[in-house]
Amino acid sequence: MSADFIARLIGMVVFCILGVILGTQLGQLANLNPTPATFTVEQYALTIGLVGALVGLILTPYITTRPMRAIRSTLTRISAQTLFAALFGLIAGLIIAALLAFPLSRLPAPLGEILPFIGVVVCGYLGVTVFVMRQHDLFNLFTGFSKGGAREAESPKSWYENRNILLDTSVIIDGRIADIARTGFIPGTLLIPRFVLNELQYIADSSDSLRRQRGRRGLEVLAQLQKEPGGVPVRITDIDVEGVREVDDKLVILARQLRCPILTNDYNLNRVAELQGVRVLNVNELANAVKSALLPGETLSIRLIQEGKEPGQGVGYLDDGTMVVVENGKDYINQQVTIVVTKVLQTSAGRMIFARLE
């Protein structure tokens with residue numbers, strides 16, 4: 001049974017009892033001066049009790065479970081740092097209001113009776129507002145105090161643990177994350193939510209052989225990351241986002257709550273996350289950034305393996321996968337040739353190099 005159904009039953013019983021009590025009181029008042037058309041006490045109690053049961057059956061979820069569900073959904077979207085800042089601000093505001101309550105209460109009536117209550121409301125509101133607005137400065141200040149006012153050289157382990165990076169399903173399946181983590185260029189703990197792991201397991205159990213192989217490769221990559229000696233820490237978290245079904249939407253909301261980046265190679269997730277102010281680490285952009293930089297006029301040796309789209313063109317690839325289109329290279333397919341770079345073109349799919357035979 002759902003929470004709404006249970007709340008309706010409880011509300012129906014409670015409102016029915018209240019209706020019977022109210023009907024009994026009204027019936028007794030009406031029968032003080034009875035007339036032939038006056039209802040009996042029992043009739044009043046039964047009628048108003050049934051009306052109360054109907055009201056409780058309809059309205060109870062709207063005043064109990066649904067407001068609580070809305071509050072819980074709102075709290076899941078607020079980061080823990082913001083919640084702590086609001087709590088400390090409320091406590092500080094109430095302490096200030098308590099200190100002001102005594103001198104305000106000594107004022108002549110009615111100010112002495114009203115101003116202490118107004119002071120509690122105003123100080124509580126200002127405390128929450130100020131602490132939430134300056135939460136980053138306050139937490140940095142507390143962090144500085146906890147470290148003795150001076151920042152010492154951090155060990156590599158503590159440097160890793162100070163930052164979380166959320167992993168997307170696509171980047172796990174891609175597999176390059178294991179090689180990148182092995183190089184030590186990822187400064188943080190790789191955080192894998194349980195719902196990402198569940199999606200990976202669902203792909204690994206797919207009836208489609210290709211999807212099944214991709215899912216199993218993702219699980220093998222995770223196992224490799226966890227077993228890597230001295231590598232980047234990998235942690236599985238049970239933090240979930242309620243009220244959201246799509247994994248990508250959950251990742252974006254969770255990244256905003258934890259204030260951490262998302263590591264992915266999904267173009268759509270990249271754009272949606274950036275629109276919502278979430279930092280994205282894209283593996284494809286990293287791969288394009290580390291490709292060898294060539295300038296027009298440079299020479300290199302390459303093996304042509306196929307024809308190009310235009311007549312007479314030959315196509316080869318560099319070690320990093322960059323496509324090289326060679327003019328008049330059709331007659332040299334399956335041969336190693338020396339070429340001169342004429343143009344370098346950066347596209348959304350990557351980098352392309354156009355060249356001619358030396």
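## A buried threonine in a loop

Thr 322 lies in the loop that links strand S7 (314-317) with strand S8 (323-327). Helices (H or I, at least four residues) and strands (E, at least two) are DSSP runs, numbered from the N terminus. The model is predicted: local features need pLDDT of at least 70, side-chain atom pairs count only at pLDDT 80 or more, and totals for chains, interfaces and linings use all residues. Residues are numbered from 1 along each chain as its sequence is written, and side-chain values use heavy atoms, with hydrogens and water left out.

Thr 322 counts as buried because its relative accessibility is 2%. Buried means under 20% relative accessible area, exposed over 50%, and partly exposed in between (1.4 Å probe, protein chains only). Leaving aside residues up to four places away in sequence, Thr 322 touches Lys 291, Gly 316, Tyr 317, Arg 351 and Ile 353; contact means heavy atoms within 4.5 Å.

## The five-stranded sheet

Five strands form an open sheet in the order S3-S2-S1-S4-S5, with parallel pairing. Two strands pair if DSSP finds at least two bridges between them. Strand S3 (234-237) and strand S5 (280-282) are the edge strands, each pairing on one side only. From one strand to the next, the twist averages 35°. Axes are lines fitted to C-alpha atoms, for helices over the stretch in contact, and angles run from 0 to 180 degrees between N-to-C directions.

Strand S1 (residues 164-167) and strand S2 (residues 189-193) run parallel and are joined by three bridges. Leu 166 stands opposite Leu 191 in S2. Helix H12 (residues 247-258) packs on the sheet, where it touches S1, S2 and strand S4 (262-264), and its direction makes about 175° with that of S1.

S2 and S3 run parallel, with four bridges between them.

## Packing of H9 and H11

The axes of helix H9 (residues 176-183) and helix H11 (residues 209-227) come within 9 Å and cross at roughly 15°. The two helices are therefore roughly parallel to each other, a term for angles under 35 degrees; over 145 counts as roughly antiparallel, 65 to 115 as roughly perpendicular and the rest as oblique.

In this contact, Ile 177, Ala 178, Ala 181 and Arg 182 of H9 meet Val 221, Gln 224 and Leu 225 of H11.
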